[in-house]
Amino acid sequence: MADRRLPRLLQTPAVILLLIWMLIPLGMTLYFSFIRYVLNSLRRPEWTTPSIENWRGFGNYTFVWNNDGFWLAIYNSVFIVTSIIVLTVTLGLAIAVLVNRKFPGRGIVRVLLISPFFVMPAVNAVLWINMILDPVLGLQGIAVAGINDFIAGLRDFPVLGAFFSLWPELEPISFRATQTSAIAVIIMVTWQWTPFAVLIFMTSLQSEDQQQKEAAVLDGASPWSMFVNLTIPHLSRPIAIVVMIQAIFHLSLYAEIEIVSRGNGNKNLPYLIGEFATNNIGAASAAGIFAVILANIVAIFLLRMISKSLMD
């Protein structure tokens, strides 16, 4: 163990492979972001090849910065990721605490709770937007129609009829619209990723000190007090890990946005990069660098939060 040269020598191939895996794509992206590289340019055919002669400097970054959809993509990326994380952590904590209790069929319930996490993102989006959130054929449309029919029947009652005659007719929400498409993405991704948080939290709750909880019960502590002062501090590290992992994955959401709205008023950075990449590789690369910068800012913030949690 005193001679560490052999372990380092054995690790070298893996480290070199990881460096190549990361540095080559990043280097190509940086190079493309500083040149004019347009796949289909009839006016300037020389721009269709990634040549150093097409050097543009920071022109691609300026073009992306001044693009109308760039700041919308930044806002949507932060809004969608933050909303999903808050909902998944809150629901994951509530469900994990409930399922951690002993009751008949607990094993089956746990398996059913985890199963949504294994659904493919594209399949998840198609099922939600067509079978659940569709205002006509989905469960939402059926439920709204049923409520309207029920209220219409109550209007015939002698006493209650006058009250329900003032009740407005409900209209189903079109989640493909510009204003609500981000909400649809948040709902479906939250449904899919809440089981991940539940799994992490359930595993951590198994190691919670039961003697402390028994002592707290003898001292007259309420269930809410025990949850805030014992369970939450015990789950601080798992919560930080869940937040970091989900932030990394949700910053790259694409399939859900494409299926729900095709980016109509609901673009995030990966979707904006995809739009540029259909023709303007230089602009797409510049947007990709902006996405890397945003991801690193989020990662630094989350790593500091996790480090503080581990220090505590």
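The protein chain has an average pLDDT of 83, and 95% of its residues score at least 70. The structure is a predicted model. Within the protein chain, confidence is highest in helix 2 (residues 59–65), with a mean of 90, and lowest in helix 7 (residues 160–164), where the mean is 72.

Helix 1 comprises 29 residues (residues 5–33). A bend of about 35° is found in helix 1 at Thr12, with a proline, Pro13, following within four residues.

Helix 3 (residues 68–99) and helix 11 (residues 236–250) pack against one another in contact, with axes that come within 10 Å and cross at roughly 145°. The crossing of helix 3 past helix 11 is right-handed. On the side of helix 3, the contact is formed by Val81, Ile84, Ile85, Thr88, Val89 and Leu93. Their partners in helix 11 are Ile239, Val242, Val243, Gln246, Ala247 and His250. Classified by residue type, this contact of helix 3 with helix 11 contains 9 nonpolar and 3 polar residues, and no charged residues. In an α-helix, residues three or four places apart point the same way, because there are 3.6 residues a turn.

Methods
Residues are numbered from 1 along each chain as its sequence is written. This is a predicted model: local features need pLDDT of at least 70, side-chain atom pairs count only at pLDDT 80 or more; totals for chains, interfaces and linings use all residues. Side-chain values use heavy atoms; hydrogens and water are left out. Axes are lines fitted to C-alpha atoms, for helices over the stretch in contact, and angles run from 0 to 180 degrees between N-to-C directions. Helices (H or I, at least four residues) and strands (E, at least two) are DSSP runs, numbered from the N terminus. A crossing is left-handed if the near helix is turned anticlockwise from the far one by less than a right angle, and right-handed if clockwise. Contact means heavy atoms within 4.5 Å. Ala, Val, Leu, Ile, Met, Phe, Trp, Tyr, Cys and Pro count as nonpolar, Asp, Glu, Lys and Arg as charged, and the others, Gly among them, as polar. The expected span of a helix is 1.5 Å times one less than its number of residues. The bend at a residue is the angle between axes fitted to the seven residues ending there and the seven starting there. pLDDT is the predictor's confidence in each residue, from 0 to 100.
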